[in-house]
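Before reading on, please take a moment to turn the model about and follow the chain from one end to the other. The paragraphs below will then lead you from the whole to some of its parts.

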Amino acid sequence: MTTMKRRTMLGGSLVAAAGLGAGGARAQAQPATLRLDWTPSGYHAPYFYGVAKGYYKDAGVDLQIFDGKGSLSTLTAVSEGADTIGIASLATMSLGVSQGRQLVAIGGMIQTMPDGIISLQGSGITKPKDIEGKTWGYNPDDYSTKLFPAFAAAAGIDESKVKKIQLSHAVVHTSLLAGKIDFMIGWEFTDALRIARQKPIEPPIKYADYGVNMLGGGIFLHKKTATEKAQLLKGFLAATTKSFDEALKNPGVAVEALVAARPGADKDLLLEQLKRTPPYLHTKATAGKPFGYMAAEDWEGTLKFMKQAFEFKTDVKASDVYTNDFLPKG
């Protein structure tokens with residue numbers, strides 16, 4: 001064999017080895033599942049964007065994303081080990097902890113409540129007291145329903161003067177559009193937006209504007225996972241932070257990634273939802289902090305409202321339910 005042939009074969013071997021090495025690095029990414037709280041909305045787009053760009057695999061996480069059917073369903077899936085990481089209402093997660101579930105939040109997302117009164121234009125509902133004498137289509141299991149007395153007290157509403165009709169989630173939107181109810185309570189950048197695409201609405205009257213705020217959708221997992229998979233979680237949050245930073249600067253590209261993963265999704269609606277997300281990602285206590293950072297005072301406020309509106313079986317403290325330890329430093 002000539003020297004030239006040896007060099008050619010050696011060079012080819014090194015290239016092949018380098019390719020295997022890169023493939024090996026990708027192959028070593030740890031598998032993980034992310035269970036969403038609901039069918040994807042605009043605020044979920046950054047996760048799909050991060051998967052499409054390879055940010056999670058680059059951070060050592062082979063991530064699969066699955067749709068959810070509400071916070072309680074996602075809490076159960078993560079509690080029982082069916083999924084690695086979940087997105088759910090952190091207030092609802094804290095209730096699960098009080099009932100014995102071994103869960104912990106590792107990142108905030110929707111930290112200012114988007115919940116508020118939604119009514120059609122011309123309803124006469126432009127300030128809180130305007131709902132007195134009006135008909136509310138409500139679901140008794142919603143946390144926003146359970147928080148309504150606190151909102152009513154803070155906003156000066158006489159709750160006894162509000163008419164109530166119990167409805168399922170499936171019909172509340174259509175009932176409002178059909179004029180069967182005067183108002184509903186939902187998220188400003190999801191529910192209100194869907195209604196507004198069909199009929200004009202009054203500006204939503206938000207709980208948080210009257211001092212009633214609980215931490216909403218956030219990232220959580222089983223405490224066992226937090227103990228055993230610290231490196232995976234740090235990689236997941238680093239990739240998620242990068243994905244959110246880029247997605248909020250280029251929302252159209254992020255939504256394209258979501259639609260590619262969930263064909264048939266309403267691209268225009270998702271884009272508008274994502275564009276409206278930033279004001280809800282932080283509170284006054286976390287303003288200027290990186291994505292996902294949670295403040296003790298926000299958790300203490302959340303637990304205060306949860307203890308007022310829900311049955312806590314144990315005295316849950318803020319330190320029991322969250323940690324910022326896995327977030328990127330600096």
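What follows begins with the chain as a whole, then turns to one helix, and ends with aromatic rings and the charges over them.

The model shown here is a predicted one, and its protein chain has 15 helices and ten strands. Along its principal axes, the C-alpha trace of the protein chain spans about 95 × 45 × 35 Å. Of the 330 residues in the protein chain, 51% are buried, while the accessible surface of the chain comes to about 15400 Å², with 52% of that area belonging to carbon and sulfur atoms. If we consider the contacts in the chain with a separation of 6 or more, we find that 78% of them are made by residues 24 or more positions apart.

Now look for helix 14, which runs over residues 296-309. This helix has 14 residues and reaches 20 Å from its first C-alpha to its last, which is close to the 20 Å expected at 1.5 Å a residue. Which residues of helix 14 are buried? They are Asp298, Trp299, Thr302, Leu303, Phe305 and Met306. Because these residues cover an arc of only 165 degrees around the axis, they lie on the same side of helix 14. The buried residues of helix 14 pack against helix 5 (90-98), strand 4 (103-108), helix 7 (148-155) and helix 15 (318-321), whereas the face turned away from the buried side carries the exposed residues Glu297 and Gln308.

Next come the aromatic rings, for which a search of the whole structure finds 15 aromatic pairs. In one of them, Trp136 and Phe148 form a tilted pair, with 4.5 Å from centre to centre and 40 degrees between the planes. This pair links distant parts of the chain, since Trp136 belongs to strand 6 (residues 135-138) and Phe148 to helix 7, twelve residues apart.

Lys242 lies over the face of Tyr55, at 4.1 Å from the ring centre. Returning to helix 14, where Phe305 is among the buried residues, we find the charged end of Lys304 over the ring of Phe305, 4.7 Å from its centre.

Key
Residues are numbered from 1 along each chain as its sequence is written. This is a predicted model: local features need pLDDT of at least 70, side-chain atom pairs count only at pLDDT 80 or more; totals for chains, interfaces and linings use all residues. Side-chain values use heavy atoms; hydrogens and water are left out. Helices (H or I, at least four residues) and strands (E, at least two) are DSSP runs, numbered from the N terminus. The expected span of a helix is 1.5 Å times one less than its number of residues. Buried means under 20% relative accessible area, exposed over 50%, partly exposed in between (1.4 Å probe, protein chains only). The arc is that of the directions from the helix axis to the C-beta atoms. Contact means heavy atoms within 4.5 Å. Rings of Phe, Tyr and Trp (its six-membered ring) pair if their centres lie within 6.5 Å; planes under 30 degrees apart count as stacked, over 60 as edge-to-face and the rest as tilted. A charge sits over a ring if NZ of Lys or CZ of Arg is within 6 Å of the ring centre and within 35 degrees of the ring normal. Accessible areas come from the Shrake-Rupley method with a 1.4 Å probe; for residues, only the protein chains shown count as cover.
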